[in-house]
Amino acid sequence: MAEKPSIAIGQVMENRGVAPGHFLLTIRLPLSFATPIPGQFVMIRDPDRGEPLLPRPISVYGFQREKGHAILNLLCRIVGRGTSLFSRLNRGSTLTVLGPLGRGFTIDSDVRQLLLVAGGVGAAPLAFLLQEGSLLKPDSGKRQVTAYLGAGTAELLTGLNRFQDFCDLRTATDDGSCGYHGTVTEFLAVDLGEYDAKSTLILACGPGAMIRSLALLLRDTRIRCQVSLEERMACGVGACLGCAVAIKEGEGRTGYRRVCHDGPVFDIGEILWDPPV
Ligand SMILES: Cc1cc2nc3c(=O)[nH]c(=O)nc-3n(C[C@H](O)[C@H](O)[C@H](O)COP(=O)(O)OP(=O)(O)OC[C@H]3O[C@@H](n4cnc5c(N)ncnc54)[C@H](O)[C@@H]3O)c2cc1C
Ligand code: FES
């Protein structure tokens, strides 16, 4: 059960580059900050500069409690003004952190094979799932975990150490510099027949194009799949409708869901990729 979100002032303990255009933020938070569920995210903003004007959503990459405070890790890719600004924050800088927000991953007790599929920084919520661990332990028996991680090049495959210690790790790069030569969904397509549809669950996060090709790949299978969508957001708390996505409702009807409030995790089969205009 998700705990109630709160707003806190966090202090940057460390901010370091982990790959070209990628950085890892370690933020100290009050101990009272709610414990996130894997797949949940926070909205962050620099309160001193008042920038970016709107906070930015970032998935929880790591969270732990220590004596007297909590520590939050965020894995970020620089894409624009907000993330560029965050990448330059020094140790001791403050950040406003709202969260944890949204609906995280859920794993039914009959799942025996878990496939984690990520593109780029989409690896963040899945790495947190492995760190957190509770969803990996079924009531009885063993749950096998295999991760498929993809990126443009070998040096952009971030956080591999967070995966290789906990699961069978398979990598794909667009230029073939590490692992399978191609996209992560093309790699998964090669292996897909190995997995038993009834007992397998895919959890995925990555760019829109990756999620869309995953939906196509799974269209004619019965494999369950939950995806975390990285839609653009404004308020992050369900108030502005800026993050709405079209979903399939019964009898061919189209509905809309707010990614920040009803997601960011959805069953892939729910999403309507080409909604009527
Ligand atoms: C639930 C959720 C979790 C996320 N987790 C992470 C994470 O763990 N690490 C991480 O690096 N990023 C994550 N993102 C994406 C991140 O929020 C955006 O990259 C960020 O808000 C961009 O802000 P900016 O000011 O740097 O870019 P802007 O100046 O706002 O935009 C720069 C360019 O990037 C495009 N863009 C901005 N946001 C998105 C987006 N969400 N999807 C696609 N294109 C976008 C814009 O259209 C524009 O072309 C997540 C997004 C969501 C919704
Ligand atoms: S970002 Fe405002 S409703 Fe989702």
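Biologist: How far apart are the centres of domain 2 and domain 3?
Modeller: The centres, taken over C-alpha atoms, are separated by 23 Å. The bounds come from an automatic or database domain assignment. Domain 2 covers 113-230 and domain 3 covers 231-277.

Biologist: How many residues does the contact take from domain 2 and from domain 3?
Modeller: Domain 2 gives 10 residues and domain 3 gives 11 residues. Contact is C-beta atoms, placed from the backbone, within 7 Å. On the domain 2 side, helix 5 (208-218) and strand 13 (224-228) each supply at least two residues. Helices (H or I, at least four residues) and strands (E, at least two) are DSSP runs, numbered from the N terminus.

Biologist: What should I know about the model itself?
Modeller: It is predicted: local features need pLDDT of at least 70, side-chain atom pairs count only at pLDDT 80 or more, and totals for chains, interfaces and linings use all residues. Residues are numbered from 1 along each chain as its sequence is written, with chains lettered from A and ligands numbered from 1 in the order in which they are written.

Biologist: Switching to ligand 1. Which residues come nearest?
Modeller: Arg56, Ser59, Gly80, Gly82 and Thr83, out of 21 residues around ligand 1. Near means a C-beta atom, placed from the backbone, within 6 Å.

Biologist: Which strand gives the most to that shell?
Modeller: Strand 4, with 5 residues. Strand 6 (69-77) and helix 1 (81-87) each supply at least two.

Biologist: What does strand 6 pair with?
Modeller: Strand 2 (residues 22-30) pairs with strand 6 in the antiparallel sense over 9 bridges. Strand 5 (residues 62-66) also runs antiparallel to strand 6, joined by 5 bridges. Pairing needs at least two DSSP bridges.

Key. Two residues are in contact if their C-beta atoms, placed from the backbone, lie within 7 Å.
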